[in-house]
Amino acid sequence: MQYDDIQLSEPAIEAAIDYNPLTVTTDTLLIDVIALMNQRRIHSCSLSGVNSYSDGFPSYETGSSCVLVMQGTELLGIFTERDIVRLTAASIPFEKVTIAEVMTKPVITLSQTTFKDIFAPLFLFRRYRIRHLPILGQKGELIGVVSHESIRSILRPIHLLKLMRVGDVMTTQVIRAPVTASILSLAQVMAEYKISCVVITEQYPELELGHFIHVPVGIVTERDIVQFQALQMNLTEVRAQSVMSTPLFLLSPEDSLLTALREMHRRHTKRLVVSWDGGKELGLVTQSSLLRVLDPVQMYGVIETLQKTVI
């Protein structure tokens, strides 16, 4: 192994900032905000926005998983996909509510002068359990937004991703639901457990053991809830089996994080299901899982291992 092969490419910090975030005024109706978020998400999938990194990973426009609420040049609040799931679970009438009534305030922000490396936003993401961080200028003006997705798009620590396995970072606390579950019930589960997705399973008989096993067949995410609300679907009547994303691409715990990252880019998704033992055991690897690779303590440990390998 050559030492040059494991050098970390320093990401361009400015490239992690979305300088054109979606903004609305306080009197905007929630139903209109959702339509804007869904429209931006669809447009961001256009192939015309694809660029290529030198290491082979494409870069995509992040889309709009959040909205910033402004009064003139002052940032008043933030509203995210997770908020939509929470309000859906609570059966809030979206067409009668303004964004000012449901936005999160005050907003956790980061000054542009402090944003020198990726560790500052990563620290705030973890401390406050958030996924979007507005960047403010010296006079408090809005510069842009940094998110899990935008940071992931600039990272190229290939040697760390090759070394680590999916099983090292995945979560096994996965919520499952049957194909007959209503979308409203899934939103309520997401809101209760503060999760971003539910894995949909189908029951199959295990003849040798004399019982049933639940095999993953699809997934419903909080972003799906945004789209369903934008389409004004009856979430009480719609069942998971008719709208879930299927078939699933399943990772193994032994797959590398590099494989997970490539599949996320290729499939334009923020999470992948991990399955083993014939589908009986499930895990999830997410953008957040990949960002943990860049935790300073974790990084130092992996680099130390690499240094020993080189020596």
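Colleague: Hi! Which residues have the most contacts inside the largest nonpolar core?
Modeller: In this predicted model, they are Leu30, Phe79, Leu186, Ile200 and Ile225, and the core has 38 residues.

Colleague: Which elements give two or more residues to it?
Modeller: Helices α1 (30-43), α2 (81-89), α3 (99-102), α8 (183-193) and α9 (222-230) do, along with strands β4 (66-71), β10 (197-206) and β11 (211-221).

Colleague: And where does this core lie relative to domain 1 and domain 2?
Modeller: It lies between them, because domain 1 (13-43 + 53-155) and domain 2 (166-294) both contribute residues.

Colleague: What does isoleucine 225 touch?
Modeller: Leaving out residues up to four places away in sequence, Ile225 is in contact with Ile84, Val85, Thr88, Ile183, Ala187, Met190 and Val220.

Colleague: How many residues are in the second core?
Modeller: That separate core has 16, including Val169, Met264, Leu272 and Leu290.

Colleague: Switching to cysteines: is cysteine 66 buried or exposed?
Modeller: Buried, because its relative accessibility is 8%, which is under the 20% cut-off. Cysteine 197 is buried too, at 4%.

Colleague: How many disulfides are there?
Modeller: The search of the whole structure finds 0.

Colleague: Okay, sheets now. What is the strand order in the open sheet with mixed pairing?
Modeller: The order is β12-β13-β14. Strands β12 (250-251) and β14 (281-286) are the edges, each pairing on one side only.

Colleague: How do β12 and β13 pair?
Modeller: They run parallel, over 2 bridges. Leucine 250 has valine 273 in β13 as its bridge partner.

Colleague: Which helix lies across those strands?
Modeller: Helix α11 (residues 257-267) lies across β12, β13 and β14, at about 130° to β13.

Terms used:
Residues numbered from 1 in each chain as written. Predicted model: local features only at pLDDT ≥ 70, side-chain atom pairs only at ≥ 80, totals over all residues. Heavy atoms only, no water. Core = buried A, V, L, I, M, F, W, Y, C linked by side-chain atoms within 4.5 Å. Buried < 20%, exposed > 50% of the residue type's maximum accessible area, 1.4 Å probe, protein only. Helix = DSSP H or I, 4+ residues; strand = E, 2+ residues; numbered from the N terminus. Domains from an automatic or database assignment. Contact = heavy atoms within 4.5 Å. Disulfide = S-S within 2.5 Å. Pairing = 2+ DSSP bridges. Axes fitted to C-alpha atoms, helices over the stretch in contact; angles between N-to-C directions.
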